[in-house]
Amino acid sequence: MKRDPRIDEEYFLSLLRTKRFGHGSYFLDTIDSTNTFARSVALRGAQEGTLVFAEHQTAGRGRWGRVWYSHKGKSISFSLIVRPKIRFTHVHHLTLMAATSLSEVLANKFRIQPQLQWPNDVYLGEKKVAGILTEAQSNGKKIMFAVIGMGMNVNQTAEDFSIALQSKATSLRLYCGKKIERVSLLVDLLYQLEDDYDRLCSRGFDFVLHRWVRRNRVLGKSVALQTLSGTWRGQVIGFHSNGGLVFLDHQGKEKIFTHGEIIEVKYAIGH
Ligand code: BTN
């Protein structure tokens, strides 16, 4: 069987159109986790925009301690170092921004309509295609740096996923019915991420939130929400201006969550 080629760094650089993102880069064959590697180079002073890309991760991390599988030569798995001047409590803005950037790139490039599940999951139809794990290092209330880790299933076939994952995960190839050139997708993604990040830093979170909300798949739905204080069931009734989820629990009490994750989406209330 023909092996999928690895991304060639020189070719990547020849296509790159950003001002900073990706200009310093590490292209690795195998690493435990690009987020862990990025954190260590950020601690040693790596500049904003430094990219850590890996063809394969042996201990890729998802949110809530989950494992993230990166199929060799078929995924896009990378971490990006940023040094925003925002409060530590606003780190989740970066996650929502990255999910928005990614979904818009996919929409424009492939004429598809990805949807977002709060806060970080990118869906095609009923299956997840990508996720984001943002990890930050603080210095009191400020952020020293943040690592935006992105994992996307690109050229996997159904057999690449375990039986358990086949009902929950998809790839761009499976959804679009064609093989995708990863390098051009990566380059487009970095361009969009840089533009959105610069605007987030200069104009604030509002313009990201509107675009995120437009693509959400959870408004009005009955959901299960995993949080540090336990799992909550109720209805999503809106989104707060700080990116939080506005939620109505079973007692009819309104709650706003800025941390947590929707783990199950059911039906639209009243349908
Ligand atoms: C999730 O959906 O829970 C988030 C998945 C994030 C996976 C990416 S792959 C690149 C980066 N390195 C990691 O170890 N995790 C993120």
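Predicted model: local features only at pLDDT ≥ 70, side-chain atom pairs only at ≥ 80, totals over all residues.

Me: Where does the ligand sit, and how much of its accessible area does the protein cover?

Reply: Start with the space itself: the ligand takes up the largest pocket. For direct contacts, look for N or O pairs within 3.5 Å. Here a polar side-chain atom of K128 is 2.5 Å from a ligand oxygen, and a side-chain N or O atom of S33 is 2.7 Å from a ligand oxygen. R63 uses a backbone N or O atom, also 2.7 Å from an oxygen of the ligand. As for cover, the protein hides 100% of the 420 Å² of accessible area that the ligand has on its own.

Me: Which residues come nearest, and which element gives the most to the shell?

Reply: There are 22 residues around the ligand, and S33, R61, R63, R66 and K128 come nearest. Strand β6 gives the most, with 4 residues. At least two residues each come from α2, β3, β6 and β7.

Me: Now the glutamate. Is E261 buried or exposed?

Reply: The cut-off for buried is under 20% relative accessible area. E261 is at 1%, so E261 counts as buried. You'll find E261 in strand β12, residues 261–268.

Me: Which side chains make polar contacts with the side chain of E261?

Reply: R63, at 2.5 Å, and R66, at 2.6 Å. Beyond its sequence neighbours within four places, E261 is also in contact with residues including W64, W118 and Q226.

Definitions and conventions
Residues numbered from 1 in each chain as written. Heavy atoms only, no water. Buried < 20%, exposed > 50% of the residue type's maximum accessible area, 1.4 Å probe, protein only. Polar contact = N/O pair within 3.5 Å; in protein donor to acceptor, adjacent residues only side chain to side chain. Contact = heavy atoms within 4.5 Å. Near = heavy atom within 4 Å. Areas by Shrake-Rupley, 256 points an atom, 1.4 Å probe, with all protein chains shown as cover. 1 Å grid on protein atoms, 1.4 Å probe; cavity = no way out; pocket = protein on both sides within 12 Å on 5 of 7 lines; lining within 4 Å. Sits in = over half its atoms within 2 Å of the grid points.
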